[in-house]
Amino acid sequence: MILYPCVVLLGLCSMATAGPRSRKQEEIAPSAASNHTLSPNKSAETIEVSNMTLEEGDILLAEDRNAVNMVWSDAIVPYEISPGVGFRVADILAAFRMVSANTCIRFVEHTDEFNYLVFKQGEGCASFVGVSGGSQPVFLSQACTAGNLAHELIHALGLYHEHTRDDRDNYVTINWSNIIPSMKDNFKVKRGNTLNLPYDFESIMHYGESYFSVDGSPTIVTNQNGKAIGQRTHLSQLDIKKLKTLYHC
């Protein structure tokens, strides 16, 4: 399948009506095209969206699991791009390539499929986790980079944040005193399916070291010196393996 955006009126797709049941609000980060300047403790998961009720800081899904069972049939994800974000086509396609380059997952233009993603303008960058049913929005703002969008796509494919795994305390230490009090729930362990794969410091799904910090001090410290966390530039080898395991490819 070839990754091309829909082409209708003015070269863009019309906006589909959203009707999903569970939402995840994610990824706002600086980009070359943005005037947003975010401190190290401000990022995707730290920007609140006023009209969303959030769990784990950015997830509107009550499941305690790291990978959902509602996956996309045949690893094919139909999509549309609404007129409001037509100027972001290049970034959207770049995010597709980041996910598809080393997996069997393919993004195709939506025709008559019941389940599909709709990229649309939002206050931040946001998506549902797994297949929620029907038209499923992926929100993006000017500040979202291709890497931020890839993070959102991986949520839509069924994966949660790496730092909430039930074995995370073997790998990272949470500095509870440095976390904004109202945001401490964001760092709670979530019991669920880890796909029997190792913890991944390099995952695109991992929080950064100062997310939700009261003053910029670290909220997550790795138990191995020199391990960087919170990158949003590429899928790690374990991110790729997790998607391949989840989608049997």
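Before I turn to single residues, let me say that buried means a relative accessible area under 20%, exposed means over 50%, and partly exposed is what lies in between, with a 1.4 Å probe and protein chains only. What we have here is a predicted model, in which local features need a pLDDT of at least 70 and side-chain atom pairs count only at pLDDT 80 or more, while totals for chains, interfaces and linings use all residues. Residues are numbered from 1 along each chain as its sequence is written, and side-chain values use heavy atoms, with hydrogens and water left out.

Let me begin with the charged side chains. The structure holds six salt bridges, where a salt bridge is a side-chain nitrogen of Lys or Arg within 4 Å of a carboxyl oxygen of Asp or Glu. One of them joins Lys242 to Glu162, with 2.6 Å from N to O. This pair connects distant parts of the chain, 80 residues apart, since Lys242 sits in helix α3 (residues 237-246) and Glu162 in the loop between α2 (146-157) and β8 (172-174).

Which residue forms a salt bridge with Arg168? That partner is Asp169, and the closest N and O atoms of the pair are 2.7 Å apart. Arg168 counts as buried, at 3% relative accessibility, whereas Asp169 is exposed, with a relative accessible area of 51%.

A further salt bridge brings together the side chains of Asp185 and Lys188, at 3.0 Å from N to O. Here Asp185 is partly exposed, with a relative accessible area of 43%, and Lys188 is likewise partly exposed, at 44%.

I would like to finish with Leu149, which has its place in helix α2. Is Leu149 buried or exposed? Leu149 is buried, with a relative accessible area of 0%. If we leave aside its neighbours within four places in sequence, Leu149 is in contact, meaning heavy atoms within 4.5 Å, with Asp91, Ile92, Ala95, Cys125 and Leu140. As for Leu93, which lies 56 residues from Leu149 along the chain, the C-alpha atoms of these two residues are separated by 9.7 Å.

Notes
Helix = DSSP H or I, 4+ residues; strand = E, 2+ residues; numbered from the N terminus.
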